[in-house]
Amino acid sequence: MCNNCFLNEIDKFENANQWESFDVELSNKLGQGKLHQIKVVTRILKYGEEEIFYVYECSTCQQKWKLEEPGDHSDGHFIKYSTFQQLARRQLKNRQVIALIILAVIIYVIIRAIFW
Ligand SMILES: [Zn+2]
């Protein structure tokens, strides 16, 4: 985080104005070479296709940033890539816990059905 990239993370874009002015600022910084895009491959699909997204790396402090544009599903965010990875890990953990609970309920129901 430095003056050449951004000093704050944006957890969500509050409104269209904030997003538009941010978008302009980001485009300017890209145009000036203060930031550049890096491709991140998350998965190799069939036929060698890649599932990818882009992060922005600061040319000065090497901080990596992850942008999610606001849309129908979310308000979007612009956060450090490390923050994004933490969030992703936490979401995965939550999903695993939910899957375990569902499994436990299914086993309970089966046991009750057998020993009724
Ligand atoms: Zn920077």
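L35 is buried, since 24 other C-beta atoms lie within 10 Å; a residue is called buried if 20 or more other C-beta atoms lie within 10 Å of its own, exposed if 12 or fewer, and partly exposed in between, with C-beta atoms placed from the backbone. This is a predicted model, in which local features need pLDDT of at least 70 and side-chain atom pairs count only at pLDDT 80 or more, while totals for chains, interfaces and linings use all residues. Residues are numbered from 1 along each chain as its sequence is written.

L35 belongs to strand β1, residues 35-44, where helices (H or I, at least four residues) and strands (E, at least two) are DSSP runs numbered from the N terminus. Leaving aside residues up to four places away in sequence, L35 touches C5, K29, L30, Y56, E57, C58 and S59, a contact being defined by C-beta atoms, placed from the backbone, that lie within 7 Å. Between L35 and C61, which are 26 residues apart along the chain, the C-alpha separation is 9.9 Å.

Four strands form an open sheet in the order β1-β2-β3-β4, with antiparallel pairing. β1 and β4 (77-80) stand at the edges, and because each has a single partner strand, one side of each is left without a neighbour in the sheet. Direction ignored, neighbouring strands of this sheet are turned by 35° against each other on average.

Helix α2, residues 81-114, packs on the sheet and touches β2, β3 (64-68) and β4, its direction making about 100° with that of β4; axes here are lines fitted to C-alpha atoms, for helices over the stretch in contact, and angles run from 0 to 180 degrees between N-to-C directions.

Strands β1 and β2 (residues 50-58) pair in the antiparallel sense over 9 bridges, two strands being counted as paired if DSSP finds at least two bridges between them. Within this pairing, I38 has V55 of β2 as its bridge partner.

Most residues other than glycine have a negative phi. Y47 counts as exposed because it has 5 C-beta neighbours inside 10 Å.

Q62, which is not a glycine either, has a positive phi of about 65°, and its place is in the loop between β2 and β3. With 9 other C-beta atoms within 10 Å, Q62 is exposed.

Definitions and conventions
Two residues are in contact if their C-beta atoms, placed from the backbone, lie within 7 Å.
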